[in-house]
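Please keep the sequence and the model open while reading the numbered points.

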Amino acid sequence: MAGTSVLDDIELVIEDIGGGGKPPAGRDGGDSGDDGASGGDSGRARGSSSARKYAIAIALGMVAILMFFMALAAAFLVLRTTSGRWLAFHVPALLWLNTAVLLASSATLELARKRLAIADDEGFRKMWATTTALGVAFVLGQVIAWRELVAAGVYGASSVAVAFFYVFTASHAVHLFGGICALLYVGYRKFKKAQLTRVAAVEVASYYWHFMDALWVFLLALLYLGK
Amino acid sequence: MASFQPNSNGEPVAAEPWLPTIFSRDHKSVGLLYLWLALISVVLGMALSLVMRVQLGHQGASVAGSTGSSERYAAITLLHGSLMVFFVLTAAPQCGFGYFFVPLQIGAREMAFPRLSALSFWMTAASLVGITASVLVFAGSGPTVWLGSAMCFCAAMLAASLNLCVTVIDSRARGMTLPRLPITVWAWFVTAILSLLIFSILLAAGVLLFSDRMFNTHFFATAALAQASIASVWQRWFWFFAQAQVYVAMLPCFGVVTHLLSTYSRKPVWSERMAVLALCAVGLFGFCIWGEHMFASGLNPFLPLVFSMLASSLGAPALLLIACWFGTLLGAKARLTTAMLFALGFVSLFLSGGLSGIFLARREFAGGSTGDAFVTGHFHLVMGVAATFAILAGLFFWFPKMFGRRLNEALGKIHFWITFCGVYVLFMTMHWLGLLERTIAAPDAAQFRGLRMVIAAATVATVSAQILFFVNFFWSLLRGDRAGAKNPWRATTLEWSVASPPPKENFRGGVPVVFRGAYELGVPVAGEDFVPQHLAPELLAKLR
């Protein structure tokens, strides 16, 4: 069974670029493979393949993050009506300002992308840095809101509603921290020898940042309306 | 550290293929590290199951801990379950085989994110250390350490799943269209999607529980909640994860078994596309039937009917898979290698365990059954033992590719038959015990002593038989027959087109072109009966 045969000695047809496309026309002697589901264009450049890879990864990552927060939101809605320790909780006023800061960061990020599209490198860097600064400002604002609540003696142990506030804000801040790291990486990386182009990296980072922005608006609405 | 040396083709291959580079990002090293981790866990898990069965067989003894320590026994049960479910049944088929073979089978040089591969492994290893230490080392803070470690495992699985998904979507070789994907890759892909969804849920539940333990919050505090509320929050989340987790463990096994049955039967997978659809359907249904575990927990009266119907309808894709397996085997001159025997053993165990699952899907039957011997027997037969058979089948099949040597077939077959008979005696007796416990109004422990002794004896025999496997495994690693040809099973998929063990970067630094599907078996070509995926049509015409 384990002898060598002609089939064992067949040389692989090796290409330099991968990607799940169809074999060259007229060479397909096996099944057609014509399903419209090929993994990509056979002639595409490495940079675009890499960009697609990161875009797919960030999309899947967002699905997983959404499941995580939806599970927390489901618990919030169930415990709101069943928990004996649910006391109405008013979100700190500072959160509205923080939300405005985060929304502004999404706007500046889009401005940065527009600058990059017209090859205005200086303008892009300024707007990108502003976005990063606004992101950091949002997290600092959340920390200040936490400190205000703690100073006022409002702890997670006092009410499940308050506990949810801390869990929502902390979990969101942890995920947003990942976004800030991505902004810093894109802002400071040279991208001369990287597989990924700056345009592609900016696009992928912007998907995540806007997602974090929308997620926060949802969480704030939940906390505000579900009190 | 593994060193590399040139093989007969001048390609760099690992000098000691069984010794993966510890901090490597190479997918083969990470896959091997996962398999070694699973091996350590299975040894520990089996030792714990022996302790538990001996304790249950001799109720007066204090084998599982200090005298009268029921908490200690519960902790050992928890450790056994955690090790087996997380690090063996989940990690070995999905991450061990998955990391090693996904890039090889789709014609990629590496995983999409090699750093993420290494990170997921090291998080899994840290989780194993934490979970083991939580029971064996820490006393008071054990549950918190266990919880933190379980959350770490969730994060590791999320990272691994994301990596596997992106690799399958983006890194396929030219010509490796979706219909041409081996069914193993489909199974790993569907499992990765399912894992992405469910491990996030368990992570969220873990965050709240961790908050309760560390910050004195009251998400799950029993004093503040009615019994029904506890069920509605914790149990829903847990079963949302845990029921789907069964399919995270089983789906890769379905893929491996389908692939092996076809290869050893020398026939294409019967209705291959239907098998792929069935795999997807198992993933979808598995995600929706968590409520079947809550029939005893006070659900809305309408819901058990819905979940019961959903759980029963899982039988449809399961039946399709079984039809594919028998359709493949029908009229085949199957090669009864050890790998094939374990694959057939999996089919047998899956059918037997599936039959008792039909009873458990019924609301009136399942209502009072949570945690009894019938459920334990069903669960272990389907998920634990059947999945282990599939892992062993995969190991016997891919051992030559991974290590360049073959496992001893004679020893493997003896190991198979003892294990196969042992698990049937063990778990069928457990089913019987469960049924008796139900039918007797006021069961007395003494009445079932005989059955418990049979179960304990069968456990000892089955666990002892695994010594044969370990002897075979380690002897073959060092002294086993060299695989000789790079394709000893005459298989069609791409991993068999490269040397055994595969060289660094798999395909001489490039990626191969794929010309056909993964199951062109039984086709006479140049004295052989298969057409490899990488064989170009013009060359095939010449050979014919």
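Predicted model: local features only at pLDDT ≥ 70, side-chain atom pairs only at ≥ 80, totals over all residues.

In which sense do strand 4 and strand 5 of chain B pair, and over how many bridges?

1. Strand 4 (residues 521-525) of chain B and strand 5 (residues 528-530) of chain B pair in the antiparallel sense, over two bridges, where pairing requires that DSSP finds at least two bridges between the strands. Within this pair Leu521(B) stands opposite Phe530(B) of strand 5 of chain B. The two strands form a hairpin with two residues between them, and Ala526(B) in the turn has a positive phi of about 50°.

2. Residues are numbered from 1 along each chain as its sequence is written, while chains are lettered from A and ligands numbered from 1 in the order in which they are written.

3. Chain A contains five helices and one strand, and along its sequence these follow the pattern β-α-α-α-α-α; helices (H or I, at least four residues) and strands (E, at least two) are DSSP runs, numbered from the N terminus. Of the 227 residues in chain A, 34% are buried, a residue being buried if 20 or more other C-beta atoms lie within 10 Å of its own, exposed if 12 or fewer, and partly exposed in between, with C-beta atoms placed from the backbone. Among contacts in chain A between residues at least 6 apart in sequence, 74% join residues at least 24 apart, and two residues are in contact if their C-beta atoms, placed from the backbone, lie within 7 Å.

4. Chain B has 15 helices and five strands. Buried residues make up 56% of its 544 residues, and when contacts in chain B between residues at least 6 apart in sequence are considered, 79% of them join residues at least 24 apart.

5. In chain A, helix 2 (residues 94-117) and helix 3 (residues 121-151) pack at an angle of about 165° with their axes 8 Å apart; axes are lines fitted to C-alpha atoms, for helices over the stretch in contact, and angles run from 0 to 180 degrees between N-to-C directions. Helix 2 and helix 3 of chain A are therefore roughly antiparallel to each other, a term for angles over 145 degrees, as roughly parallel is for those under 35, roughly perpendicular for 65 to 115 and oblique for the rest. By class, the contact of helix 2 with helix 3 of chain A has 18 nonpolar, nine polar and two charged residues, where Ala, Val, Leu, Ile, Met, Phe, Trp, Tyr, Cys and Pro count as nonpolar, Asp, Glu, Lys and Arg as charged, and the others, Gly among them, as polar.

6. In chain B, the axes of helix 5 (residues 183-215) and helix 7 (residues 272-286) come within 10 Å and cross at roughly 15°, so helix 5 and helix 7 of chain B are roughly parallel to each other. The residues of helix 5 of chain B that meet helix 7 of chain B include Trp186(B) and Leu194(B), and those on the helix 7 side include Glu272(B) and Cys280(B). The residues of this contact between helix 5 and helix 7 of chain B divide into ten nonpolar, two polar and one charged.

7. Arg266(B), in the loop between helix 6 (227-265) and helix 7 of chain B, has a positive phi of about 55° although it is not a glycine, and with 17 C-beta neighbours inside 10 Å Arg266(B) counts as partly exposed. Arg490(B), in the loop between helix 14 and strand 3 of chain B, likewise has a positive phi, near 55°, but Arg490(B) is buried, with 22 other C-beta atoms within 10 Å.

8. The peptide bond from Ser500(B) to Pro501(B) is cis, with omega near -5°, and Pro501(B) is found in the loop between helix 14 (449-479) and strand 3 (511-512) of chain B.

9. Val514(B), in the loop between strand 3 and strand 4 of chain B, is buried, with 31 other C-beta atoms within 10 Å. Leaving aside neighbours within four places in sequence, Val514(B) has contacts that include Gly107(B), Met176(B) and His534(B).
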